[in-house]
Amino acid sequence: MIPRWRRPLLLLVTLGACGPVGTFDLFPAGSFNLSLPPGTCGIGPALGVPSDGFSYVCPALPDGGLDSDAASDAGAVLPYESDPYCALVAEVMSNPRIGVSEALFLQLYGIPTVAVGAPFQLAYEDPEAGAPTPSITVAAAVPADVQSNQAGLSITVPGSLGFLAWQGADVAAYTHILARSPVSLGLSPASSFVAADHGYVGTDGSAATPLVLSAGSIESVVAFAEADDGTMLAGGSPACTFESSAPQLLSVQGRGVVAVLMALAGGDVTLSAQCGLLDGSIGVQITGPALNADLEASADAEQAPGDAGEAGEDGATAPDAGSSDASEAGAP
Amino acid sequence: MANRRVLAMAFGGSLVACSSSPPSPAVLAVTLTSPPVGEGLTDAGLSLPVGTVAEIDVCPTDDGGDIDGSVSARADDSTYAVLAAMTTPNQFVVIGVAPGDTTVRFFFNGQETTSLTIDGTPANVLAVEVVPQTAPR
């Protein structure tokens, strides 16, 4: 049975307002660190002094989660996601090295900066009540600056916009969300959130290129709208199309804003993406045997004693077929 | 709420408690919370980017001591800014609605008082300036 994608659950705890955040070393033997650049609050700069109880709510997954037992060591394969912020955070929270306690500290990320025009959902829950309060409604400070549809709210103009939780004629709490104009498309591996030293590293922009993968590995890359300084912008995105410049080296499957990459053989590849009007690309360097080397190995296997006369000589054998042939060649 | 995932929370806020004492305050002590962007607090009062919210905490005081009483506040021109009470006592929010200037007046037990200290500075009213957004575009 292939395990289902496990939906992350985030418990609630008050940790204080976002702001300059250093490196936390909260668990024994440095088992968990949360590192954010000083002054960072959120994936992309959020705003200080938020009021408690507001939550950025990710949309339901249209596929209910991806069937995948893909190697978690190689970066978990993500389900279909339409919001890059949700995709990246879900990756962090689903990482097998991350427990519920550690996930609590994701709250320090706060409410992210969103793209102008991108839908998102905002909810308010009275921290003391511990459950949504039906009598409270959330509304923008200037309703004319917001559009509402089935996907949620979208801010129509750049800048900071206040949101208030109204309880009758009174205000229970408020917060601000910064909306910025998307100008380009960034691509970042989801696993960039989890550093090699078992720590979190926040990302405010595209991954450094090229993205280095090992042949045979699987990686998830998230496409996201970014502002002119590279800040990742949250919010729903049109479905993206992804293209590998060398499908024989790097296969790609699009799942909303997520591209599931499978490195097949060594070489340099360009991964291109288009999401709505935005497009971008990232270089991918795959280490390991080159395709030709695979084919040569395949040919060598086929030329094993007893099969030498059947071996192809033009090197055109597909890698899978070559492997299969090699196994048969080694069989008694 | 099935299938919804809560991934980010925001925290903060404050409470102001005014101690019980005799009525009839000498002044209303107004404490402003800087809005998230823009100039924030100025000598003239509060500079508030349009679309944003700032918080006002008001304590009736008598020579430095806090006293209880009913406090309310109102903007002269709601075209530019709107006042709303918070569910917590003696706290208000100012919502910048459109660029322009207005004045916020304060009332104690229903009577307007012009004896204010705004962040420690004596004043009669709170001047509010709603300015255009200057956030990153």
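## Strands in chains A and B

In strand β9 of chain B, the bridge partner of D57(B) is Q91(B). The structure described here is a predicted model, in which local features need pLDDT of at least 70 and side-chain atom pairs count only at pLDDT 80 or more, while totals for chains, interfaces and linings use all residues. Residues are numbered from 1 along each chain as its sequence is written, and chains are lettered from A and ligands numbered from 1 in the order in which they are written.

Chain B has 0 helices and 14 strands, where helices (H or I, at least four residues) and strands (E, at least two residues) are DSSP runs numbered from the N terminus. Of the 137 residues in chain B, 45% are buried, a residue being called buried if 20 or more other C-beta atoms, placed from the backbone, lie within 10 Å of its own, exposed if 12 or fewer do, and partly exposed in between. Among the contacts in chain B with a separation of 6 or more, 66% are between residues 24 or more positions apart; two residues are in contact if their C-beta atoms, placed from the backbone, lie within 7 Å.

Strand β9 (residues 91-96) of chain B has 6 of its 6 residues buried, so it is largely enclosed by the rest of the structure. On one side the buried residues are Q91(B), V93(B) and I95(B), and on the other they are F92(B), V94(B) and G96(B), which leaves both faces of β9(B) covered.

Strands of a sheet pair through backbone hydrogen bonds, either parallel or antiparallel.

| Strand | Partner | Sense | Bridges |
|---|---|---|---|
| β5(B), residues 53-62 | β9(B) | antiparallel | 5 bridges |
| β8(B), residues 81-85 | β9(B) | antiparallel | 5 bridges |
| β18(A), residues 267-275 | β19(A), residues 278-287 | antiparallel | 9 bridges |

A85(B) stands opposite F92(B) in β9(B). Strands β8(B) and β9(B) form a hairpin with 5 residues between them, and N90(B) in the turn has a positive phi of about 60°.

In chain A, 4 strands form an open sheet with mixed pairing, in the order β13-β19-β18-β15. Its edge strands, each pairing on one side only, are β13 (211-214) and β15 (240-244) of chain A. Neighbouring strands of this sheet are turned by 25° against each other on average, direction ignored, with axes taken as lines fitted to C-alpha atoms and angles running from 0 to 180 degrees between N-to-C directions. Within this chain, the bridge partner of D268(A) in β19(A) is Q285(A).

Definitions and conventions:
Two strands pair if DSSP finds at least two bridges between them.
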